[in-house]
Amino acid sequence: MNHFPQGRVVLAAQNLVVSYADHTALAGVSLSISAGESVAIMGPSGSGKTTLLHALAGILPPSGGDITVSTGPAPLRLAGLGESERSRLRREEFGFVFQQGFLIPELTVVENVALPLLLAGHARRSAEADASVWLAKLGLGGLEKRRIGELSGGQAQRVAIARAQVTGAGVIFADEPTGALDSVTSTEVMSALLEVTADGSRALVVVTHDEQVAARCSRTVRLRDGRLDVVGATSEVSA
């Protein structure tokens, strides 16, 4: 597992621009995210929230600006990386939790969680052992052999959280992770996600429309028309 000093910047965007034909989704966004932080990204529909998350995660190459990732032994500039290296970052250094989970229904719970390790070349036995440890941490011990269709919505999201963390990723990205859940289950899933930053060694980035979810994060940034509208601690932007 990667461990970084609390407060060390693990992800930094400088003057990030993303354009599609005649539409600019991001217009010069600069943002730094440190180990130990949980950062909520908020804004109205079409403000660029998910575009920003996808750009930070190396899924969407920006039209301008640059992103520096410092989750490994040396900083990496995404603009200088080919697709194979960006894919490696997404597979090994980043973890992802989406609203619908994107779990594979044909696989068991433990196989879903172990999948990133298997893709990285780990032996099946050790990969599934590591997956079982994360499942137990998230209260899913004993469910390893179940299929995804046999789980509740909250259980499935915790499987996705386990999968996101099993590689020891330095940054976890979550896109509306509680959007399809009831309020009680949403609270439980968000608690599980916030455990990512509990030891101060990793960062969590959450796109959400839910003020209650954002209020539990250590910092909230708000986008409007592709630009940062507010950046600050949650207590500051909620006042």
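The model is predicted, so local features need pLDDT of at least 70 and side-chain atom pairs count only at pLDDT 80 or more, while totals for chains, interfaces and linings use all residues. Residues are numbered from 1 along each chain as its sequence is written, and side-chain values use heavy atoms, with hydrogens and water left out.

**View 1. Helix H3 against helix H5.** Helix H3 covers residues 109-119 and helix H5 covers residues 153-165; helices (H or I, at least four residues) and strands (E, at least two) are DSSP runs, numbered from the N terminus. The axes of H3 and H5 come within 7 Å and cross at roughly 30°. Axes here are lines fitted to C-alpha atoms, for helices over the stretch in contact, and angles run from 0 to 180 degrees between N-to-C directions. H3 and H5 are therefore roughly parallel to each other (under 35 degrees is roughly parallel, over 145 roughly antiparallel, 65 to 115 roughly perpendicular, and the rest oblique). The crossing of H3 and H5 is right-handed; in a right-handed crossing the near helix is turned clockwise from the far one by less than a right angle, and in a left-handed one anticlockwise. On the H3 side the contact (heavy atoms within 4.5 Å) is made by Val109, Asn112, Val113 and Pro116, and on the H5 side by Val159, Ala162 and Arg163. By class, the contact of H3 with H5 has five nonpolar, one polar and one charged residues. Ala, Val, Leu, Ile, Met, Phe, Trp, Tyr, Cys and Pro count as nonpolar, Asp, Glu, Lys and Arg as charged, and the others, Gly among them, as polar.

**View 2. Helix H3 against helix H4.** H3 packs with helix H4 (residues 124-137) at an angle of about 120°, and their axes are 8 Å apart. That angle makes H3 oblique to H4. H3 passes H4 in a right-handed crossing. From H3, the residues in contact are Val109, Val110, Glu111, Val113, Ala114, Leu117 and Leu118. They meet Arg124, Ala127, Glu128, Asp130, Ala131, Ser132 and Leu135 in H4. The contact of H3 with H4 divides into nine nonpolar, one polar and four charged residues.

View 3. Glu128 and Arg124 both lie in H4, four residues apart, about one turn of the helix. Glu128 counts as buried at 16% relative accessibility, whereas Arg124 is partly exposed at 47%. Buried means under 20% relative accessible area, exposed over 50%, and partly exposed in between (1.4 Å probe, protein chains only). The structure holds 10 salt bridges.

View 4. The side chains of Glu211 and Arg222 meet at 3.3 Å, N to O, in a salt bridge. Glu211 lies in helix H7 (residues 211-215) and Arg222 in strand E9 (residues 219-224), so the pair ties together parts that are 11 residues apart in sequence. Glu211 is partly exposed, with a relative accessible area of 44%, and Arg222 is buried, with 17%.

**View 5. A network of salt bridges.** Glu85, Arg88, Arg91, Glu92 and Glu93 are linked in this network. Arg91 forms a salt bridge with Glu92, and their closest N and O atoms are 3.8 Å apart. Arg91 is partly exposed, with a relative accessible area of 30%; Glu92 is also partly exposed, with 26%.

**View 6. Ser186 in helix H6.** Ser186 lies in helix H6 (residues 183-194) and is buried, with a relative accessible area of 8%. Leaving aside neighbours within four places in sequence, Ser186 is in contact with Thr178, Leu181 and Val213.

View 7. Most residues other than glycine have a negative phi. Asn15, in strand E1 (residues 9-20), has a phi near 50° and is partly exposed, with a relative accessible area of 49%. Asp225 has a phi near 55° and lies in the loop between E9 and strand E10 (227-233). Asp225 is exposed, with a relative accessible area of 62%.

Conventions: Salt bridge = Lys/Arg side-chain N within 4 Å of Asp/Glu carboxyl O.
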